[in-house]
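Me: I'd like to learn how to read salt bridges in a model. Can you walk me through a few?

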Amino acid sequence: MKKMLTILISLSCMFMSCSKEPDNSLTPAHILSNYHLAWSDEFDGSSVDLSKWNYRAENTVRNYATVSRNTISMDGKGNVSLKVTKDNSGKYFVGQLGTQGIYETTYGYFECRAKMNAQIGPHVAFWLQSAEMGKVGDPVKNGTEIDVFEYHRKTPGTVYHNLHWDGYGVDHKTTGKQIPVAAIGAGFHTFGLEWTKDAYIFYVDGEETWRSSSAVSQHKEYLILSTELTGWGGDPALGNFPDEVLFDYVRVYKSNY
């Protein structure tokens, strides 16, 4: 009987550990009061939920690295891991997940909880994108790349918020802000974007860090989680791989009004 009870308790603990209770302690109070949860992934499964995400930009070469789904996995602790890897021949690989064609929306509050990468070289991000963003002249109509956060170890105590519009060529425009967060390289942190018709408002760990009325998109956009190896995060030859960023959840809230 005691042995059976021990087994039942163990199974119960295993079940509870796979169904984490949502923690909203770092979600801004006005979001919890005035918005409702419309879409989320808590990453509790054993594999990427392909009803919510697709593997993005597969097999494309982006500066130093090739994009591969093999860099993406669940860690068994309620997180999705996006790794940067290096094979025996010295070839680098990165990973991207996106919701293009599955979940695209305008306005709301977009939040993730993530643990940063540890090595020089990669930069990691949670961002929004429009399929029409490459067009020039009207970001309101065509959309804007909205980087809720970007991070790399070349500046280990800094979080970046950035906006990009009018494509990535000669007409490209951008604005952004660097946010000092001394403890950002340790543990999990929460990153949020409140996107309204008039502004983008950014948050780190529940505190407002930047707001901008530049290039406010009214175009539906999709969510992206990514690792990159472009050189912006430093010389990858100085890093040890594999490296990874962990995402505990991604949530989208919509206004009640």
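Me: What does Glu-228 form a salt bridge with?

Reply: The general idea is that side chains of opposite charge can pair when their charged atoms come close. The cut-off here is a side-chain nitrogen of Lys or Arg within 4 Å of a carboxyl oxygen of Asp or Glu. In this structure Glu-228 pairs with Arg-62, and their closest N and O atoms sit 2.8 Å apart. That links distant parts of the chain: Glu-228 is in strand 18 (residues 221–233) and Arg-62 in strand 3 (residues 61–62), 166 residues apart. Strands are DSSP runs of E with at least two residues, numbered from the N terminus.

Me: What should I know about where these values come from?

Reply: This is a predicted model, in which local features need pLDDT of at least 70 and side-chain atom pairs count only at pLDDT 80 or more, while totals for chains, interfaces and linings use all residues. Residues are numbered from 1 along each chain as its sequence is written, and side-chain values use heavy atoms, with hydrogens and water left out.

Me: Back to that pair: is Glu-228 buried or exposed?

Reply: Check the relative accessible area: under 20% is buried, over 50% is exposed, and in between is partly exposed (1.4 Å probe, protein chains only). Glu-228 comes out at 5%, so it's buried. Arg-62 has 28%, so that one is partly exposed.

Me: How many salt bridges does the structure hold?

Reply: Eight. Another one of them joins Glu-244 to Lys-83, with the closest N and O atoms 3.5 Å apart. Glu-244 belongs to strand 19 (residues 243–255) and Lys-83 to strand 6 (residues 80–86), so this pair ties together parts 161 residues apart in sequence. Glu-244 is partly exposed at 31% relative accessibility, and Lys-83 is partly exposed too, at 24%.

Me: And which residue does Lys-173 pair with?

Reply: Asp-166, with 2.7 Å between the closest N and O atoms. Asp-166 is buried at 6% relative accessible area, whereas Lys-173 is partly exposed at 37%.

Conventions: Helices (H or I, at least four residues) and strands (E, at least two) are DSSP runs, numbered from the N terminus.
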